[in-house]
Amino acid sequence: MDMTNSGQTSVLITGGNKGLGFEAARRLGEQGWTIFLGSRNEDRGRAAADKLTDGGANVVMVPLDVTSDGSVTDAVRLVREHTDRLDVLINNAGAPGRGIAPADATVDDIHSVYDTNVYGPIRVTHAFLPLLQAADHPRVVMVSSAVGSFTVVTDPEQPSSKMHELAYSSSKAALNMITVRYAQALPKIKFNVATPGEVANRRFAATDMNNHTGQLTVTEGTDSIVRLAMIDADGPTGTFIDRLGPVAW
């Protein structure tokens, strides 16, 4: 199948088999995009891809563990079998960590979260850069969190200021900086950060990662992700938004 000549916009979504990744895939599939659905678990990935296909989307399931160099290399090879360019990359796969207090956190605790939330997006972005650079108007969306914002975490009115953990929040702060540095160094690609919440209203999306305790639906949570995926050639780069607008770093 030669998707390049079909004129369809293509997107790879990591962690696409459930939650925000799946919902972003569903919404972009409804726009007629070709969806490369990245999933660490192949069975769940195939089930998710089948569900999207049944809904009319054009989907290719891509086995993809963002913590594995070999898996990412295989994913690039698979995507290249279908296209010679990639219009959009959504680095969505994430690990919440175990909420360990700073005094108790070890390097191993931190490393396991960083492997997915920091090294994962770097690993995937680096591997797919040639395909992105071959597109006319490439975009990369990093799915971060409001807890990666120094402004948010140091605001005593924000619940996250009292969430005493070390791994997840610092990994998302690192991801935010990584995104800005990519944006500065690669101006032909739009690199932006999305958080699936409403910072001003102190609300976040209900997903498996937070045991569905969020106040926003998964569809509302993907508003910022989808918006950044669909920006045009004159759109922003190096920005951080939620569904309501810009978020302070």
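**Close-ups of a predicted model**

**View 1. Helices α1 and α2 cross in a right-handed way.** This is a predicted model, and here we zoom in on its helix pair. The axes of α1 (residues 19-30) and α2 (residues 42-54) come within 10 Å, with a crossing angle of roughly 25 degrees. Because that angle is under 35 degrees, α1 counts as roughly parallel to α2. On the α1 side, Phe22, Ala25 and Arg26 do the touching, and they meet Ala48, Lys51 and Leu52 of α2. Sorted by type, the contact residues come out as four nonpolar, two charged and no polar.

**View 2. Eight strands make up an open, mixed sheet.** Reading across, the order goes β3-β2-β1-β4-β5-β6-β9-β10. At the edges sit β3 (58-63) and β10 (245-246), each with pairing on one side only. Further in, β6 (residues 190-194) and β9 (residues 240-242) are parallel partners, joined over two bridges. Look for Ala194, which stands opposite Ile241 of β9.

**View 3. Helices α5 and α7 lie across strands of the sheet.** Helix α5 (residues 119-133) lies over β1 (10-13), β4 (88-91), β5 (139-143) and β6, and runs at about 175 degrees to β4. Helix α7 (residues 167-185) covers β5, β6 and β9, at about 160 degrees to β6.

**View 4. Residues 1-5 have pLDDT under 50.** Even so, the model gives this stretch 15 contacts beyond four places in sequence. For the chain, mean pLDDT is 93, and 92% of the residues reach 70 or more.

Terms used:
Residues numbered from 1 in each chain as written. Predicted model: local features only at pLDDT ≥ 70, side-chain atom pairs only at ≥ 80, totals over all residues. Heavy atoms only, no water. pLDDT = per-residue confidence, 0-100. Contact = heavy atoms within 4.5 Å. Axes fitted to C-alpha atoms, helices over the stretch in contact; angles between N-to-C directions. Helix = DSSP H or I, 4+ residues; strand = E, 2+ residues; numbered from the N terminus. Parallel < 35°, antiparallel > 145°, perpendicular 65-115°, else oblique. Left-handed = near helix turned anticlockwise from the far one by under 90°. Nonpolar A, V, L, I, M, F, W, Y, C, P; charged D, E, K, R; others polar. Pairing = 2+ DSSP bridges.
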